[in-house]
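This report describes selected features of one protein model. Please keep the sequence and the structure at hand while reading.

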Amino acid sequence: MTNATPVSPSRSAPVAVKRPSTSTHHGIEMTDDYAWLRDPGYPKVEDEEILAHLEAENAWFKARMGDRQERIDALFTEMRARIKEADKSVPQKDGDYLYWTEFEEGAEYRKWWRKPAAGGDDQLILDEVALADGKEYFRLGALSVSKDGKLLAYSIDDSGSERFTMRIKDLASGEHLPDEIPGTLSALVWCAEDKALVYSLANEQWRTDNARLHWLGQPIEDDIELYHEDDEGFRVGTSISAQDDWLLIGSSDHETSEVRLVSASDPAAAPVLVKARQKGVEYDVDLRDGTLFIHTNDTHENFRAATAPLGQPGAWTTLIEGSDDFYLTGLELFKDFYITEGRLRGLDRVELRYYDDPARIEPVEWPEASFSVGSAGNPEYDSPVLRMAYNSMVTPNTVFDYHVAEQRLEELKVQEIPSGYDASLYTTERLEIEARDGTMIPASIIYRKDRQQGGPLHLYGYGAYGIAIEPGFSTTRFSLVDRGFAYVIAHIRGGDDLGRAWYKAGKLEQRTNAFSDFVDVAKGLVDRGYTEAGKISISGGSAGGELMGAVINSDPELFGAVVAHVPFVDVLNTMLDASLPLTPGEWPEWGNPIEDKAAYELIASYSPYDQVAAQDYPPMLVTAGLNDPRVTYWEPAKWVARLRELKTDDNILLLKTNMGAGHGGKSGRFESLKETAEEFAFILWQMGVEE
């Protein structure tokens, strides 16, 4: 029996048959009618019935969006015209060379260049265009030039599975060394005077539970495991210290971390543990002249900075106290100074500080009330300038050099928009909207000054993993804003926009705050006259897709169109399956329903798939990636199947599965732009905004 017959897609949407599968947890029986959509051979998906169903959904998507193709093409052309096709980055000095990247006219991918800082010819060191030729999907992972500038290590993924193959290129001859390591999922760190590399492999469950040492020219089978992590919820990663003298091997989950030090000149030496892990305590480390600089939340949830002698790495002395107002997100060490990055009452802040005078603090000042700024690649330890990147919702991406001695910003490059951009046509605001529990939720908004009051509005949110959504610049966004939309980012709890407490207030037992915050921001925007109920389109991806699923279950009447990208909607089933790649590491974020009945009941109460009801739902576009290891393809497929079964309206519901891509959708700067054009065409169509 075929689960989904790909009938003429112009007649009806595919209907997945119900094949009930039951399981019992904590004495509670649950039935899943669409569990069969998970191929038992995953990560290979070869079941013909499943593939037929996904292809039928894709055919239905093409049939319904086919009439919109002219609009999609026009939007794509419009969006592409805002991109400077022949463009290159600002060169950055690292050692004896200046490095930059460059896009050629019409190219989907970039080329990596360098030239001697003392003068000389340009040298192409990596050509992504050539590497991607003939591939449906291509993604460059890690890229690292050896300290002596002679070798380039890089890794690529050509399926979307996020399992990368590492290769090494001799930059003098252009030839590749025989060393090739498949299955990496990590940075590539040079050590031992460029004779060795440290990397991590993804295991069968797509978890990096190791740090491995590869000596150039030696068989991969002889690689040494420097560290192995036994806790299945932790991930391992390696970096290099500011002075390139210590390997930093970190292991962490979403709430606990641990770091080991290994001499970069003797990487096979026994690692030195900085401080044993303690549940709920996160820390990261750098070193300068035998002193450890530690960034940790051990005494304050917004983190403090501490120091310790190399001989007593666990003896931490406070350097910068934790603060309720300032959320310290990181430290970066240089020879004569260091910088702190963080957010002061939700806005980015970069400060210079000095080793010999702790009281000397120099913040870098910016003119706008809402913006995004941060360090932008400063590879040299001894540098008199800081490269910084700045933008806001109305200010294009701008690259600065900050001259430390003069406390002076030098503008190096402003993002060009070939089709034209006049910032004076737009206004941006930072609002605070009261949630149902009295908490004030920030929202960043951009709209044209001539926009009609109460017009359509697009609301975006994420709200998970402590990831802040910055009020940054986007050229694609103007395809909505120039058609009368206001575009709003809701800085809901679950992100760390206002500090670590903001994150904690949207996870585990408080997870539903993220959903109610988003709804309350939408209602607040209606109350303030920015829009009306039903004239709000919304979008989110991954955990933001979970957000989409939750809010349309609770308040479907608010929204006129919904786009859910690779949505994490089958939360309960996924958190019950420890064999899935991410699950054990996700329990600190969502709870462990296998061991904890209360966690089971809470997740079941909001999991979008489990809470689909017989009610009206807004028009929806859902995307998936067949090779996605983060949100497996069957989550959106099952969700759409259940929505089709239960929803009581005639509103359109589309599922598009990228059959050759993963979590990020199609690769390439223009191929991915086509998907944004599809999304916006869907929104404009369903919101009744026609040209």
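The sections below cover the basis of the model, its sheets, a hairpin, some single residues and the cavities.

## Basis of the model

The model is predicted, and local features need pLDDT of at least 70, side-chain atom pairs count only at pLDDT 80 or more, while totals for chains, interfaces and linings use all residues. Residues are numbered from 1 along each chain as its sequence is written, and side-chain values use heavy atoms, with hydrogens and water left out.

Helices (H or I, at least four residues) and strands (E, at least two) are DSSP runs numbered from the N terminus. Two strands are taken to pair if DSSP finds at least two bridges between them.

## Two open sheets

Strands of a sheet pair through backbone hydrogen bonds, either parallel or antiparallel. L140 has I156 in β9 as its bridge partner.

A further open sheet of four strands has the order β12-β13-β14-β15, again with antiparallel pairing. At its edges stand β12 (189-191) and β15 (224-228), each with a single partner strand, so one side of each is left without a neighbour in the sheet. Neighbouring strands of this sheet are turned by 25 degrees against each other on average, direction ignored. Strands β13 (residues 196-199) and β14 (residues 210-215) run antiparallel and are joined by four bridges. The bridge partner of Y199 is R212 in β14.

## The hairpin of β1 and β2

Strands β1 (residues 21-25) and β2 (residues 28-32) run antiparallel, joined by five bridges. S21 has D32 in β2 as its bridge partner. Two residues lie between the strands of this hairpin, and H26 takes a positive phi near 55 degrees.

## Backbone features in loops

P43 is placed in the loop between β2 and α1 (48-66). The peptide bond from Y42 to P43 is cis, with omega near 20 degrees.

E162 lies in the loop between β9 and β10 (164-170), and A192 lies in the loop between β12 and β13. Buried means under 20% relative accessible area, exposed over 50%, and partly exposed in between (1.4 Å probe, protein chains only). E162 counts as buried at 4% relative accessibility, and A192 counts as buried at 8%.

T296 belongs to strand β21 (residues 291-296) and is buried, with a relative accessible area of 0%. A polar atom of the T296 side chain lies 2.9 Å from the backbone oxygen of E282. The side chain of T296 also reaches the backbone nitrogen of D298, at 3.2 Å. A polar contact is a pair of N or O atoms within 3.5 Å; within protein, one must be able to donate a hydrogen and the other to accept it, and residues adjacent in sequence count only if both atoms are side-chain atoms.

H300 is in the loop between β21 and β22 (304-309). This histidine, H300, counts as buried at 17% relative accessibility. H300 and Y327 are 27 residues apart along the chain, and their C-alpha atoms are separated by 9.8 Å.

## Cavities

A cavity is a set of points, on a 1 Å grid over the protein atoms alone, where a 1.4 Å probe fits but cannot get out; lining residues have an atom within 4 Å of a point. Grid points are joined across faces, edges and corners, and a volume is the space filled by probe spheres set on the points. By this rule there are two cavities of 30 Å³ or more.

The largest cavity has a volume of about 40 Å³. Its lining includes R343, R430, E470 and D497. By class, this lining has three nonpolar, two polar and four charged residues, where Ala, Val, Leu, Ile, Met, Phe, Trp, Tyr, Cys and Pro count as nonpolar, Asp, Glu, Lys and Arg as charged, and the others, Gly among them, as polar. The second largest cavity has a volume of about 40 Å³. Among the residues that line the second largest cavity are Y462, I467, A490 and I492. By class, the lining of the second largest cavity has five nonpolar, three polar and one charged residues.

Notes. On a 1 Å grid over the protein atoms alone, a cavity is a set of points where a 1.4 Å probe fits but cannot get out, and a pocket is an open set with protein on both sides within 12 Å along at least five of seven lines; lining residues have an atom within 4 Å of a point. Axes are lines fitted to C-alpha atoms, for helices over the stretch in contact, and angles run from 0 to 180 degrees between N-to-C directions.
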